Amino acid sequence: MSLDISAVRAIATLARIELGEEELAPLAGELSNILNFVEQLSEVNTDGIEPMSSVADLGLPMRADLVTDGDIAEQILANAPEAAEGFFTVPKVVE
Amino acid sequence: MSELTHLTLAEARDRLVKGETSAVELTRAHIAQVEAKRHLNAFITETPERALAEAEASDARRRQGTAGAMDGLPIGVKDLFCTEGVRTTAASKILDGFVPPYESTVSGNLKKAGAISLGKLNLDEFAMGSSNKTSAFGPAINPWTRRSDPAAKLVPGGSSGGSAAAVAARMVLGATGTDTGGSIRQPAAFCGITGIKPTYGRCSRYGIVAFASSLDQAGPMARTVRDCAIMLGAMAGFDPKDSTSVNLKVPDFEAALTGDIRGLKVGIPREYRPDGLSAEISDVWEKGIAWLKDAGAEPVEINLPHTKYALPTYYIVAPAEASSNLARYDGLRFGQRVPGKSLDEMYAKSRAAGFGPEVRRRILIGTYVLSAGYYDAYYAKAQKVRRLIAEDFRKAFETVDVILTPTAPSPAFGLNENTDDPVTMWLNDVFTIPTSLAGLPGLSLPAGLSSDGLPLGLQLIGRPFDEETVFKVAGVMESAAGFDLSPEGV
């Protein structure tokens with residue numbers, strides 16, 4: 001499996017990482033190498049095998065649906081690069 | 001150098017209990033060593049004032065008779081654990097300026113036990129790497145050097161490279177690490193110390209910056225097996241804030257060090273002897289087998305047939321989970337923001353500026369293998385092979401009690417080696433990744449020196465939640481190995 005420049009551009013858009021034009025070709029090479037390396041999994045017979053998403057096959061624990069914290073807006077906003085009036089600020093999304 | 005920095009964690013604890021030293025004295029001695037060894041770049045953030053204040057409080061607790069299991073013992077915390085009020089970076093520029101308003105459960109547990117943190121330790125960016133070279137704060141350096149070329153700087157391994165270097169250089173008595181595919185065990189081996197990745201679920205992941213959630217696990221790194229046992233006891237425990245934390249009583253790990261392994265069956269997997277395995281690694285492994293035999297254990301050849309597929313499986317599963325976990329770095333709620341005309345542009349620019357090359361590469365691979373049309377071919381396939389790898393171990397543990405392997409295929413390498421190809425770098429973790437995929441406990445301990453004077457590690461793998469047997473066997477091997485060598489100048 002090899003990825004071309006346009007595929008890398010599409011993946012980077014999905015991942016929301018801006019890439020310069022000059023970065024695309026080297027990355028296409030590196031990512032293709034990785035895909036070629038993982039390709040060997042296709043030789044393993046996995047018919048009838050359940051995918052394993054976690055080693056903790058215990059099921060998810062339940063808890064009561066109760067509010068346990070809150071009123072900490074200041075703490076939450078303390079690390080925001082930009083905040084105003086108790087909100088995170090973002091670039092304008094609606095014209 | 002002070003005599004106090006050459007105590008093991010257990011010895012320092014015993015002296016504190018007997019009143020032969022104080023937390024303040026111990027902390028001062030270690031802070032001096034942190035300063036003396038700054039060129040190793042083991043710390044990202046030092047917190048000496050905080051540590052001294054905590055040490056005074058610890059001495060007061062001891063006078064009142066309320067000291068905890070690790071009271072007054074100076075440690076370091078990998079900078080992947082969120083620490084309330086202390087900058088946390090994950091060694092990434094994208095978290096620039098982030099000061100957590102809360103404490104991770106594991107570092108909080110250590111605090112509750114009375115441990116004194118001297119600061120936050122260097123690592124590969126987001127714990128993605130095997131050399132500590134992907135850190136945005138520059139690489140940590142291994143205190144060990146080659147006899148043939150003492151001037152050449154060597155990597156401490158990764159991702160917990162700062163932790164391993166700090167412990168080996170006597171800057172701290174122990175340190176926290178995290179391990180996703182070998183990030184505790186490989187640096188422990190490279191720096192001649194002991195480290196254990198416990199069973200997945202043993203330590204809470206709450207407050208640890210997430211890399212690959214189904215694999216990430218915290219564990220201790222220290223200079224002896226007993227020190228690791230003491231420290232794991234303080235770190236572990238059920239935490240309702242982590243849905244994969246397991247509700248089991250934490251055993252007295254130190255009490256497991258009975259020294260009696262007679263009759264135990266030790267699995268020796270044939271697949272861990274690939275063509276081209278260096279003679280040095282193979283020799284130290286043979287020595288380890290002989291020590292166990294001498295102590296009355298029985299080596300048993302076993303097969304783990306899917307071993308060779310562990311690395312490709314990991315390099316689908318881990319980047320997939322990472323791409324999802326790292327989606328939270330959006331330049332909006334914390335960390336670095338690069339302005340953009342639209343929200344999307346702001347995300348893309350902030351993430352491009354904040355993530356280093358290895359992290360970017362893994363996010364891109366992860367995004368690709370999870371994308372529509374490729375999910376089944378890559379991600380679902382890898383999850384199925386993961387089950388086969390876990391099954392190999394389950395079957396092996398029907399006949400053996402513990403498994404012995406090398407920790408890494410080589411000793412520490414040079415700062416400028418293994419740079420050309422990411423896949424070559426990944427091969428460092430070939431012996432540790434299968435254990436991670438199966439969620440099993442794995443411990444690395446130093447077993448000897450290479451011909452060039454570098455530490456070599458052996459790995460013990462146990463049944464789920466049977467860290468006690470791992471510690472017990474490790475304790476016997478440690479005595480047999482007699483490894484108490486310090487790096488030059490430490």
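Biologist: Which residue forms a salt bridge with Glu30(A)?

Modeller: Keep in mind that this is a predicted model. The closest N and O atoms of the pair are 2.7 Å apart, and the cut-off for a salt bridge is 4 Å. So the pair passes the cut-off, and the partner of Glu30(A) is Arg361(B).

Biologist: How many salt bridges are there across the interface of chain B and chain A?

Modeller: Polar links show up here too, with 18 residue pairs in polar contact between chain B and chain A. For salt bridges across this interface, the count is six.

Biologist: Which element gives the most residues to the side of chain B that touches chain A?

Modeller: Several helices of chain B give two or more residues to that side, including H9 (310-325), H11 (357-370) and H12 (375-396). The residues there divide into 33 nonpolar, 13 polar and 13 charged. With eleven residues, the top giver is H12(B).

Biologist: What area is buried between chain B and chain A?

Modeller: In terms of contacts, 59 residues of chain B touch 48 residues of chain A. Carbon and sulfur atoms give 69% of the buried area. The total comes to about 4900 Å².

Biologist: Now the cysteines: how many disulfides are there over all chains?

Modeller: Take Cys82(B), which is buried at 3% relative accessible area. Its closest cysteine sulfur, in Cys203(B), is 16 Å away, so that's too far for a bond. Cys203(B) is in no disulfide either, as its nearest cysteine sulfur, in Cys228(B), is 12 Å away. Over all chains, the count is zero.

Note on methods
Residues numbered from 1 in each chain as written. Chains lettered and ligands numbered in written order. Predicted model: local features only at pLDDT ≥ 70, side-chain atom pairs only at ≥ 80, totals over all residues. Heavy atoms only, no water. Disulfide = S-S within 2.5 Å. Buried < 20%, exposed > 50% of the residue type's maximum accessible area, 1.4 Å probe, protein only. Contact = heavy atoms within 4.5 Å. Buried area = accessible area lost by both parts, 1.4 Å probe. Salt bridge = Lys/Arg side-chain N within 4 Å of Asp/Glu carboxyl O. Polar contact = N/O pair within 3.5 Å; in protein donor to acceptor, adjacent residues only side chain to side chain. Helix = DSSP H or I, 4+ residues; strand = E, 2+ residues; numbered from the N terminus. Nonpolar A, V, L, I, M, F, W, Y, C, P; charged D, E, K, R; others polar.
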